Amino acid sequence: MKRRVVAWVFLLAGGAGVLPAGTSDAGGVPFSASGNVPDYRASMTVREAYHEPKEYWRSVVHHDGWTRVEEVISNRTRIAYGSARDNVLLWATKTGDEDFTGIFIDKTTPREARDTGDADNQAGEACKWSEITRKASQSSTSEPLWLSCLSGDGIEIGTRVLLSSKELKEPMTETQLVKLERTPVADSEVLPPKRLFEPGFWLKPLRYYPDRPAALVDFEARMAGIDSDLRIFRHYPWQAEERRGKDGSVRFKVWNDLENQGINVIYSKREYSLQAFRSPLNPARPFNQFDAETGHADMKRRDNHLGESCAWFNMTPDAADAIRMECLTPDGVPLKVELHFGMGDGEFYTAVEVKRRPVDINEMLPPRELIEPSAWGFTVDD
């Protein structure tokens with residue numbers, strides 16, 4: 001019997017991302033020190049010196065506090081929609097001529113500027129350098145230094161990311177202005193497309209799937225834990241999990257076992273994020289953004305619950321700091337789940353109801369209130 005599962009640590013950490021380095025700290029969109037930055041269009045070059053050095057173009061469009069940033073690297077396009085003023089960011093990715101293949105939405109940490117006293121001039125535009133810091137956070141010697149060069153009317157026309165060591169002056173990343181136009185920009189140019197918030201777009205089948213294995217029946221399981229309740233659905237090759245904490249937190253994920261496809265939403269005091277992907281697994285690198293399975297080790301333990309027998313399996317035997325164990329029936333239905341996150345944290349679930357029945361994909365969609373554009377502070381363009 002083989003069942004692909006997801007370690008709950010993915011839900012806690014938000015999963016493996018595909019974002020530019022430092023997105024969470026830098027905000028991903030131009031820094032703004034005020035709310036009256038004029039509309040503008042800018043062309044820039046980005047030079048990255050870490051890992052494999054490379055240079056690419058960046059275009060920036062700004063209107064009424066909202067910005068659209070587009071970067072093309074080889075055959076991959078990254079597009080960011082967001083507001084430095086409202087601390088919200090959406091990164092979207094495309095590959096080649098395909099439609100969007102992934103998004104990540106995050107409520108970013110508010111940022112503020114500290115004047116460094118240095119002045120500069122880029123493409124004929126004068127600017128002053130500031131160190132950008134996260135509000136309500138203590139500086140750390142291990143963190144990079146984020147620098148922004150702001151024009152007199154508040155437009156970010158240059159950036160630098162330096163290692164924290166004062167002895168190392170070479171930027172890890174540097175953005176330089178090539179051209180700047182202060183010109184009216186329409187709302188539609190800075191608004192994300194509506195389909196990025198539609199589950200049907202992300203979960204549309206990519207191909208025809210083989211018949212369901214006999215050991216993977218459709219089911220719905222409702223489970224109770226100490227601090228939260230858990231619901232698990234399966235309709236091969238789809239699975240979904242919804243965890244609702246007694247503190248009001250919600251963690252929901254639906255994914256495809258055979259593709260790099262699904263939606264992951266986290267709403268809690270510690271984290272507020274949304275991820276979605278839709279692309280076939282790469283045979284050369286078969287890494288699934290949603291599937292953190294590291295094995296399926298029989299623990300040689302048997303148990304009984306709800307009048308059924310089950311066998312315990314360690315679903316993440318290779319994990320160093322997060323363990324998921326499940327007691328599975330012969331047809332792959334979990335009756336008990338144990339999660340261990342390290343530092344003594346964990347959760348223990350026992351099924352209160354199990355239904356083996358046909359499950360429709362529409363039953364496995366994220367709660368609508370968690371994926372509405374307005375829930376993330378966005379207005380969308382049709």
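Trp 66, Phe 197 and Phe 378 come together as one aromatic cluster in this predicted model. Two rings of Phe, Tyr or Trp (its six-membered ring) are taken as a pair if their centres lie within 6.5 Å; planes under 30 degrees apart make the pair stacked, over 60 edge-to-face, and the rest tilted. By this rule the count comes to five aromatic pairs. One of them is Phe 197 with Phe 378, whose ring centres are 6.0 Å apart and whose planes meet at 50°, so the pair is tilted. Phe 197 sits in the loop between β11 (173-181) and α3 (199-203), while Phe 378 belongs to the segment after α4 (368-371), so the pair ties together parts that are 181 residues apart in sequence. Helices (H or I, at least four residues) and strands (E, at least two) are DSSP runs, numbered from the N terminus. Both Phe 197 and Phe 378 are buried, where buried means under 20% relative accessible area, exposed over 50%, and partly exposed in between (1.4 Å probe, protein chains only).

Phe 201 and Trp 202 give another ring pair: their centres are 4.9 Å apart and their planes stand at 80°, so this one is edge-to-face. Phe 201 is buried at a relative accessible area of 14%, and Trp 202 is buried at 1%. The charged end of Lys 94, in turn, sits over the ring of Phe 100, 4.5 Å from its centre. For such a call, NZ of Lys or CZ of Arg has to be within 6 Å of the ring centre and within 35 degrees of the ring normal.

On to the cysteines. The structure holds two disulfides, each a pair of cysteine sulfur atoms within 2.5 Å. Cys 127 and Cys 149 form one, with their sulfur atoms 2.0 Å apart. The torsion about this S-S bond is about 85°, so the Cys 127 to Cys 149 disulfide is right-handed. It links distant parts of the chain, with Cys 127 in strand β8 (residues 125-134) and Cys 149 in strand β9 (residues 145-150), 22 residues apart. Cys 127 counts as buried at 3% relative accessibility, and Cys 149 is buried at 0%.

Cys 310 is joined to Cys 327 by a disulfide, S to S 2.0 Å. Here the S-S torsion is about 90°, so the Cys 310 to Cys 327 disulfide is right-handed. This pair, too, links distant parts of the chain: Cys 310 is in strand β19 (residues 308-314) and Cys 327 in strand β20 (residues 323-328), 17 residues apart. Cys 310 is buried at 4% relative accessibility, and Cys 327 is buried at 0%. With bonded cysteines counted along the chain, the pattern reads 1-2, 3-4.

As for confidence, pLDDT is the predictor's confidence in each residue, from 0 to 100. Its mean over the chain is 85, and 85% of the residues reach 70 or more. Among the elements, helix α1 (residues 9-13) has the lowest mean pLDDT (29), and strand β12 (residues 219-224) has the highest (97). Over residues 1-26 pLDDT stays under 50, and for this stretch the model has 98 contacts beyond four places in sequence, a contact being heavy atoms within 4.5 Å.

Residues are numbered from 1 along each chain as its sequence is written, and side-chain values use heavy atoms, with hydrogens and water left out. In this predicted model, local features need pLDDT of at least 70 and side-chain atom pairs count only at pLDDT 80 or more, whereas totals for chains, interfaces and linings use all residues.
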